[in-house]
Amino acid sequence: MSAQVYPGRYTAETPEGFVVFLIGTRINKWWAIHKWWPVFMAMPPMIKELYSHKELGCLSMENFFGLRTTLMIQYWRSEEELMAYAKGQKHLSAWKNFNKKVGNNDAVGIYHETYVINSGQSESIYGNMAKFGLSKAFGLEALTPATSSAHKRLRKERALS
């Protein structure tokens with residue numbers, strides 16, 4: 001199924017602050033599948049939970065797969081909701097399982113980065129795109145003369161904050 005493409009140029013509606021959370025894995029030793037496969041498989045139940053329970057605060061996510069590295073970008077309503085999820089049962093169980101099975105073994109690596117974005121500190125543009133990233137999390141807004149450049153979009157956001 002193909003996502004609807006929105007012809008023209010748009011920006012994302014980001015009226016308030018939000019959180020961008022990057023998380024992923026890096027397979028360091030391909031032949032150690034017994035070490036990295038459990039890490040890889042720990043994510044689907046958490047993704048399903050986040051999609052099924054929007055009240056947890058995860059607004060949207062995007063996934064990318066490279067030769068060795070996976071990357072998931074998640075957009076959260078707030079830092080508090082992200083931290084609450086990190087302390088929740090599904091995540092804690094996956095984290096404990098990771099530490100038990102992998103620990104400091106160098107067959108697989110994991111990472112995450114958290115960015116707290118205050119109102120007026122982001123801008124975006126989408127041309128002939130399906131909803132993606134911030135626009136998938138917050139919605140699309142058609143560009144106007146007042147939002148036709150990155151500088152103008154940032155200035156507009158700062159004026160609103």
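Predicted model: local features only at pLDDT ≥ 70, side-chain atom pairs only at ≥ 80, totals over all residues.
**Sheet, packed helix and surface patch**

Ile 27 stands opposite Val 108, a residue of strand β5.

The pairing of β2 with β5 is part of an open sheet of 4 strands, whose order is β3-β4-β2-β5 and whose pairing is antiparallel. The edges of the sheet are taken by β3 (58-65) and β5 (108-117); each has a single partner strand, so one side of each is left without a neighbour in the sheet. From one strand to the next, the twist averages 15 degrees. Helix α2, formed by residues 43-52, packs on this sheet and touches β2, β3 and β4 (70-76). The direction of α2 makes about 25 degrees with that of β4.

In general, strands of a sheet pair through backbone hydrogen bonds, and the pairing may be parallel or antiparallel. In the present sheet the antiparallel form is found.

Attention now turns to the surface. A nonpolar patch is formed there by Ile 33, Trp 37, Phe 40, Met 41 and Phe 65, which together have about 510 Å² of accessible area. Helix α1, spanning residues 33-41, supplies the largest share of this patch, with 4 residues. Trp 37 lies in helix α1. Is Trp 37 buried, partly exposed or exposed? Its relative accessible area is 42%; buried means under 20% and exposed means over 50%, with partly exposed in between, and Trp 37 is therefore partly exposed.

Key:
Residues numbered from 1 in each chain as written. Heavy atoms only, no water. Pairing = 2+ DSSP bridges. Helix = DSSP H or I, 4+ residues; strand = E, 2+ residues; numbered from the N terminus. Axes fitted to C-alpha atoms, helices over the stretch in contact; angles between N-to-C directions. Contact = heavy atoms within 4.5 Å. Patch = residues over 30% accessible without salt bridge, like charges linked within 9 Å, V, L, I, M, F, W, Y side chains within 5 Å. Areas by Shrake-Rupley, 256 points an atom, 1.4 Å probe, with all protein chains shown as cover. Salt bridge = Lys/Arg side-chain N within 4 Å of Asp/Glu carboxyl O. Buried < 20%, exposed > 50% of the residue type's maximum accessible area, 1.4 Å probe, protein only.
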